[in-house]
Amino acid sequence: MSSTVSAIQRSALGFVLVLVIFGTLPLVVSSYQMSIANEILIFALLAMSIDVLAGYAGRTSLGHGALFGISTYVVIYWTSVYGGSAWVGCLLGVVVATLVAAIFAAFAVRVSGVYFLLLTLALGMIVWGVCLRWTSITGGENGIRGVGRPDLIASPTAFYYATLAVVLLMTFLIWRFVRSPFGLTLRGIRDSESRMRSLGYGTSAHMFVAFTVTGFFAGVAGALYALFNNFVSPSTVQLSQSVEGLLMAIIGGIGTLFGSFIGAAAIIMLENFVSAYTARWQMVLGVMFIVTMIFAPQGILGTLRMLLIRKR
Amino acid sequence: MSDASALVLENIVVAFGALKAVDNVSIAVRSGERHAIIGPNGAGKTTLFNAITGVTPPTAGRVVFQGQDITRRSVQGRARMGISRTFQITNLFPSLTVDENMQLAVRGNGDGKFSMFGAAELNAGQAERASAALSISRLDTRGAVIVSELSYGEQRQLEMAMALVAQPKLLLLDEPAAGLSPAERIIVAEIIRSLSHDLTMVLIEHDMELVLNLVERVTCLNNGQMLAEGTPNEIRSNQLVQDVYLGKAR
């Protein structure tokens, strides 16, 4: 019982830390740094959506960046080409991303392991190809420029706090999700799919639901990104988006949820600060990833957690 | 083949290419009966279990459970009908605790497994069933332990607990005592003996002495084919069985 209590306490601590750190940041940092923090929040949500599959169900997806970008495309298209309201656009973006996730899921539940990775990669590539070639809708390589945010969240600070609120709410939902009976079935599938079936679980149905739900969360992140970036192009749906989300989850710690915030912060800060000094910042990212894999394969938060448990 | 038969296997064949791992096996298990399947390694015992549970659907023949033809039903569909099994090679959720393994086992046949934002804890009735199955399997005090940290014997006991907690109508035990020390084997035998006699049970076991004292009927397989069927005493004195399985008389 004590382990359950301490797990809840740990998660509560995670919520409080995110709230306090990200909540007070705008008071102490420049507006440029605040926009980086804003981006960190959005990508932490994408990383968490990947972490649910990778860390709990044992399925590493390389398609969630595309789901994220689909939502971004829909929001920007709806507001700037169609001229609709941004609120409705966000809703539509999330709905479309969730539906596409369901289509992805119908294929992806048939496989596991490296085949799951390759299949989600291929599905993501299809999305990227469509966005690149369907010029009349997506603007091809030129992308589409947005029309700015609604008045209520037009100022950077207002938008920052709105993002924080949405991301915290989503984090809470994901946290409940992985701790629910359904979340436990995902961990069961990760450990032994054959045992799950012989216990009466239709494992494909469970994986389908899990994939679709994580697609919803990636879609929310993508909609926030549309409002944040005000521009979308094929690079938003390309493979590197998925890879970055996965790297964030891994560096933070797979299966820890809150590690995604640490991973997103590490990678985005690296991207922004190191790139000021060298164009080869991706080399630094590569080295960082290798070092993590060798010395802390459970990620930053996973390793901290292990050290704490050992100390007791 | 009266309606008292819980499980009827009719001319089951399971072929892997040219190899017939199970060749024309027919067995009828009465409701409440304890039936053992014995035979040397490679006799097709586990393959027959896989045909019953749907892991490897039979190439030919029929599997009838409680009067229903289930030959083509999915593994999980059969589990929900009340067929529960243990695995010869321990098949648990190693990174989860004993309690979490039991939660998954309890919910498998019931509702609540799709509950996404509900509490992870079992409801009162389910919790009672889980703790009853754990205490039958003598794991009552081990609930919070991660399964990979259990001893091998305890893992075998958990296999039993997870099969029992589903309240099966048919329990399939695939070498429940495999790899256990003599002392641990006695525990497993006692657990099996303590189970309700309403439960139909099919048991695969290598240990002849263990099995012949636990069951009412025995089927002996050899090279995928049925060699003999009868009461434990008949099997003990059967010359064919003695030759292939117990070894020829010295």
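Colleague: Which residues of α13(A) meet α14(A)?
Modeller: On the α13(A) side they are I267(A), L270(A), E271(A) and V274(A), and they meet W281(A), V284(A), L285(A) and M288(A) in α14(A). Two residues are in contact if their C-beta atoms, placed from the backbone, lie within 7 Å. Helices (H or I, at least four residues) and strands (E, at least two) are DSSP runs, numbered from the N terminus. One caution before we go on: this is a predicted model, where local features need pLDDT of at least 70 and side-chain atom pairs count only at pLDDT 80 or more, while totals for chains, interfaces and linings use all residues. As for labels, residues are numbered from 1 along each chain as its sequence is written, and chains are lettered from A and ligands numbered from 1 in the order in which they are written.

Colleague: At what angle do α13(A) and α14(A) pack?
Modeller: In general, a packed helix pair is described by two things, the angle between the axes and the distance between them. The axes are lines fitted to C-alpha atoms (for helices, over the stretch in contact), and angles run from 0 to 180 degrees between N-to-C directions. A crossing is left-handed if the near helix is turned anticlockwise from the far one by less than a right angle, and right-handed if clockwise. Sorting by class, Ala, Val, Leu, Ile, Met, Phe, Trp, Tyr, Cys and Pro count as nonpolar, Asp, Glu, Lys and Arg as charged, and the others, Gly among them, as polar. Here, α13 (residues 259-274) and α14 (residues 281-295) of chain A pack at about 150°, with axes 9 Å apart, and the crossing is right-handed. Their contact has 7 nonpolar, no polar and 1 charged residues.

Colleague: How far apart are the axes of α4(A) and α10(A)?
Modeller: Those axes are 7 Å apart, and α4 (residues 86-108) packs on α10 (residues 203-229) at about 145°. The crossing of α4(A) and α10(A) is right-handed. This contact has 19 nonpolar, 6 polar and no charged residues.

Colleague: Let's move to the two chains. How many residues does each chain bring to the contact?
Modeller: Chain A brings 21 residues and chain B brings 29. On the chain A side, α7 (156-179), α8 (181-191) and α9 (193-198) each supply at least two. The largest share, 7 residues, comes from α8(A). By class, that side of chain A has 6 nonpolar, 9 polar and 6 charged residues.

Colleague: Now sheets. In what order do the 6 strands of the open sheet in chain B stand?
Modeller: The general idea is that strands pair through backbone hydrogen bonds, either parallel or antiparallel. Two strands count as paired if DSSP finds at least two bridges between them. In this sheet the order is β6-β7-β8-β3-β9-β10 (chain B), with mixed pairing. The edges are β6 (83-85) and β10 (225-230), each pairing on one side only. From one strand to the next, the twist averages 20°. Helix α1 (residues 45-53) of chain B packs on this sheet, touching β3, β6, β7, β8 and β9, and its direction makes about 150° with that of β7(B).

Colleague: Which strands does β3(B) pair with?
Modeller: It runs parallel to β8 (residues 200-204) over 4 bridges, with R34(B) opposite M201(B). It also pairs in the parallel sense with β9 (residues 217-222), again over 4 bridges, and A36(B) stands opposite V218(B) there.

Colleague: Are the residues of β3(B) buried or exposed?
Modeller: Buried: 5 of 5 in β3 (residues 34-38).

Colleague: What about α1(B): how many of its residues are buried?
Modeller: 9 of 9, so α1(B) is largely enclosed by the rest of the structure. Just after it, G54(B) takes a positive phi of about 95°.

Colleague: Last one: what is the mean pLDDT of chain B?
Modeller: It's 88, and 96% of the residues of chain B reach 70 or more; pLDDT is the predictor's confidence in each residue, from 0 to 100. For the complex, the predictor gives an ipTM of 0.86 and a pTM of 0.90.

Notes: A residue is buried if 20 or more other C-beta atoms lie within 10 Å of its own, exposed if 12 or fewer, and partly exposed in between; C-beta atoms are placed from the backbone.
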